[in-house]
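Let's take a walk through this protein together. Keep the sequence and the 3D view side by side as you read.

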Amino acid sequence: GDMAIRFWNTTSMVPFHTCQGHQNHILAVAWSPDSSVLASADRNGEIRIWNPITGIQRGQTLKSHTKYVTSMCFEPFLANITCTRLASASKDNTAKVWNIATGVCETTISGHTDSIEAIRWGGNGLVYTASRDRTIMVWAIDGHGRSKQKLVRTL
């Protein structure tokens, strides 16, 4: 609620860093598989990438969602050892795949009729989105250059 990200020293119970920048409540966070960055998202639909060692925001703020971000996850390490692809889900009924190194939204996934509440990146290039429309959609995501998505199945 205070719009800050804190990286804590669990021994001393004092934060190493208090990171400011969000202009609204932070609703979702995700660690990269190699623990090199933390992504945070707020009610404005903005995503920020943080360096946990320095506490400094890395790159530009990712902006494309029109409503707040509900969930985020990184592509698994075994699928992408660079840990540069982040998937986000939003109240705007879309999910997006971002390249955090370039700040580019590689693809926008749409097909749900209500808010997407959860997103998970599975193996073999599959992304799962769960919506308030009471469906889970399974998407095949291409990992080369500008991503493309294909709906594989609806559960």
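Predicted model: local features only at pLDDT ≥ 70, side-chain atom pairs only at ≥ 80, totals over all residues.

Strands, like helices, are DSSP runs numbered from the N terminus; a strand (E) has at least two residues and a helix (H or I) at least four. Residues are numbered from 1 along each chain as its sequence is written, and side-chain values use heavy atoms, leaving out hydrogens and water.

Now look for the sheet. Strands count as paired if DSSP finds at least two bridges between them. Here, 4 strands form an open sheet in the order β3-β4-β5-β6, with antiparallel pairing. The edges are held by β3 and β6 (62-63), and each has a single partner strand, so one side of each is left without a neighbour in the sheet. Between β4 and β5 there are 4 bridges in the antiparallel sense; Leu 38, for instance, has Trp 50 in β5 as its bridge partner.

Next, turn to the inside. A nonpolar core is a set of buried Ala, Val, Leu, Ile, Met, Phe, Trp, Tyr and Cys residues joined through side-chain atoms within 4.5 Å. Buried means under 20% relative accessible area, exposed means over 50%, and partly exposed lies in between (1.4 Å probe, protein chains only). The largest nonpolar core has 15 residues, and Ala 39, Ile 47 and Phe 74 are among those with the most contacts inside it. Two or more residues each come from β3 (26-31), β4 (38-42), β5 (46-50) and β7 (69-74), with β7 giving the largest share, 3 residues. Apart from this core lies another, of 13 residues, including Ile 116 and Trp 139.

Most residues other than glycine have a negative phi. Yet Ser 35, which is not a glycine, has a positive phi of about 65°. Ser 35 sits in the loop between β3 and β4 and is partly exposed, at 45% relative accessibility. Arg 134, also not a glycine, has a positive phi of about 70°. Its place is the loop between β12 (126-131) and β13 (136-141), where Arg 134 is exposed, with a relative accessible area of 78%.
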